[in-house]
Amino acid sequence: MNNKIIFTLISILLLSACAPSKRYSSKETSQTLDASKAHFSWFDYAGNDDIFNKPLAADEFQNPILAGVHPDPSIVRVGKDYYLINSTFGFFPGIPIYHSTDLVNWTQIGNAIHRPEQMPFDDIYLTNNGVYAPAIEYRDGIFYIINTCVNCGGNFVVTATGPAGPWSDPIWMPHLIGIDPSIFFDDDGKTYVVHHRDPEGDKKRYPAHTALWVIEVDPVTFEQLSDDVMLVDAGDEAPWNTDYHEGPHIYKVDGTYYLSAPGGGTGYYHQQLIYRSDDIFGKYEPNPNNPILTQFGLPDDRENPVTATGHADMFEDTNGDWWAVFLATRIYDLPDNQDPGYFHTGRETFMLPVTWQDGWPTILEKGEVLPYTVKKPNLPPAQPVSRATTGNFTVREQFTEKTLAPHWLFVRTPHSTWWQTGNNVLSMEPRNERLGERKQPSFIGRRLAHMKASFSTKVTFSPQSITEEAGLLALQNDEHYYTFGLGLNKSDETVLRIRQRAGKDSPTHGTVLAEKIINANSDNSIELRMDIDKSQLDFSYSLDGKNYQLLVDNADAKILTSAVAGGFVGAVVGMYAEGGMYAEGSKE
């Protein structure tokens, strides 16, 4: 076969880098490239959204504070430090942990689910199973994260003595019914879990009818110590939307208990509601000015709309000022019957100040448009972070270390180490576990954080058979993705191939959109690039590293949105290697 290349030894300059805080080990990387694997020299990402082009004033910060899919934020302050976590659904590692001292500069320091044995992520849907709506708390030297693993174990708690980990194995809570739990430590030493669940028995009056409940638990084992008490029946008639009332938190302010939770679902009608009581078990009175946060009711044609605001967590900073972190979506189109609109960046984390009046908090007055720029907290400024979490930025990942940084994501939990990194190379085995099969494919990616972005890589790969392929991948889930990679055709010629899967009725391994015979370089290396601009996706390649040639333009990027794909996540982009892939002419 004239396209099978015998790889020669190459010497690669070993670059030094700062030690990571918590990373994921791989096998030792050799300076000899294994011809059976795909090798990636770097991964470039550049984002350029219009909303981020406006210069910030010296006293302003940028919303969202965490761009790209960072839903369901929860935050805790420990002294002068702030720790924020998010949902990750079926991606591994799970539940990223961010740290800040000024609430403006955020650094990911680890993940709460960082060992494969912690959580059974096998054979679950990426977009609506797995871990979501986590909540973080701290007491007496211990950090706690409580969460639900949907269709993979139920409610659980993990603990750590330091926020970067290591985090414990789960403490499972089979007695806790429902989802979205959070912990409340009362000042009398008692521990409670507030959570969502359906009303008892046959009292569910419509499909979205849920309720908010609280239960006292043992502070160490989290075993049940009291009855599970319903605090708010979301089926009661109210002048605001209480559908899917979930994600609750309890706060105690000046002796009063405040119960806050979103209602209206996670889409167009999303809003934050709040109640208060003199007793942890109620009765809770609603804020007559509910909701305290929503974008529902604003003109759909407003400029750069933000929708689906909610799932808030409130906190007090070291100055006594109150803030809220919450999820919201930046959409580029809002057609009929596509709630909450088209966006591939997922549900992102935003932050706003909280004001108090007459004993009630407000995050955003009704009718106000959520601002993209906000006055900074009155806190000592921190050093700018080395890896941006918002705004327009360009970054090159060069794989200088022998472990992966904590922001890289896998699809489900890897149970073998099929990747190697270091010496400026990321290598992957083209395995038979492929995307589209609800397995654990050879894919490593990052969150897509912009409506307009470019991402590229240099791949060196000599496919050994028609069943192998490697390159760039942009995915929303197993049923909605694009691949752009090197493979072989039936004539044993190296080809550049683009595949698309656009729904569960599509072929399992996608449909070939384009295929071109490539006279690859002597080492079978090529640079690949995808450019996304809202609903359009372009595919280009370069053989000399300078001049890019367009292979396909204006592909439908809407398949990377949850409006088309369903679920609750955003797009993830990165590098992949497959064996046993869709072959030309097959009926897959």
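The dialogue below takes up strands, cores, a disulfide and some backbone angles.

Trainee: What should I know before I start reading?

Mentor: This is a predicted model, in which local features need pLDDT of at least 70 and side-chain atom pairs count only at pLDDT 80 or more, while totals for chains, interfaces and linings use all residues. Residues are numbered from 1 along each chain as its sequence is written, and side-chain values use heavy atoms, with hydrogens and water left out.

Trainee: How many bridges join β14 to β15, and in which sense do the two strands run?

Mentor: Strands are DSSP runs of E with at least two residues, numbered from the N terminus, and two of them pair if DSSP finds at least two bridges between them. Here strand β14 (residues 191-197) is joined to β15 by seven bridges, and the two run antiparallel; Y192 has E216 in β15 as its bridge partner. β15 is also joined to β16, by four bridges and again in the antiparallel sense, with L212 standing opposite V232 in β16.

Trainee: Which residues of β15 point one way, and which the other?

Mentor: In a regular strand the side chains alternate between the two faces of the sheet. In β15, A211, W213, I215 and V217 point one way, whereas L212, V214 and E216 point the other way. Seven of the seven residues of β15 are buried, where buried means under 20% relative accessible area, exposed means over 50%, and partly exposed lies in between, with a 1.4 Å probe and protein chains only.

Trainee: In what order do the six strands of the open sheet stand?

Mentor: The order is β32-β41-β34-β35-β36-β37, and the pairing is antiparallel. β32 (442-447) and β37 (511-517) stand at the edges with a single partner strand each, so one side of each is left without a neighbour in the sheet. From one strand to the next the twist averages 15°, an angle taken between N-to-C directions on a scale from 0 to 180 degrees, with axes fitted as lines to C-alpha atoms. Within this sheet, β35 (residues 480-488) and β36 (residues 494-502) pair over nine bridges, and Y482 has Q500 in β36 as its bridge partner.

Trainee: Which residues touch the most other members of the largest nonpolar core?

Mentor: A nonpolar core is a set of buried Ala, Val, Leu, Ile, Met, Phe, Trp, Tyr and Cys residues joined through side-chain atoms within 4.5 Å. The largest one has 71 residues, of which F43, L426, I444, F455, F484 and F539 touch the most other members. Another core, of 38 residues, lies apart from it and includes M314, W323, F326 and I363.

Trainee: How many disulfides are found in the whole structure?

Mentor: A disulfide is a pair of cysteine sulfur atoms within 2.5 Å, and a search of the whole structure finds one. This disulfide joins C149 to C152, with 1.8 Å from S to S, and the link is left-handed, with -95° about the S-S bond. C149 is buried at a relative accessible area of 1%, and C152 is buried at 5%.

Trainee: What should I look for in the backbone angles?

Mentor: Most residues other than glycine have a negative phi, and most peptide bonds are trans. F222 is not a glycine and yet has a positive phi of about 65°; F222 lies in the loop between β15 (211-217) and β16 (229-233). N423 likewise has a positive phi, near 55°, and is placed in the loop between β30 (419-422) and β31 (425-428). As for peptide bonds, a cis one joins N63 and P64, with omega about -5°, and another cis bond joins G282 and K283, with omega about 20°.

Trainee: Is N290 buried or exposed?

Mentor: N290 counts as buried, at 4% relative accessibility, and lies in the loop between β20 and β21 (293-294). A polar atom of the N290 side chain lies 3.0 Å from the backbone nitrogen of I274. Leaving aside neighbours within four places in sequence, N290 is in contact (heavy atoms within 4.5 Å) with W240, Q272, L273, I274 and K366.

Definitions and conventions
Polar contact = N/O pair within 3.5 Å; in protein donor to acceptor, adjacent residues only side chain to side chain.
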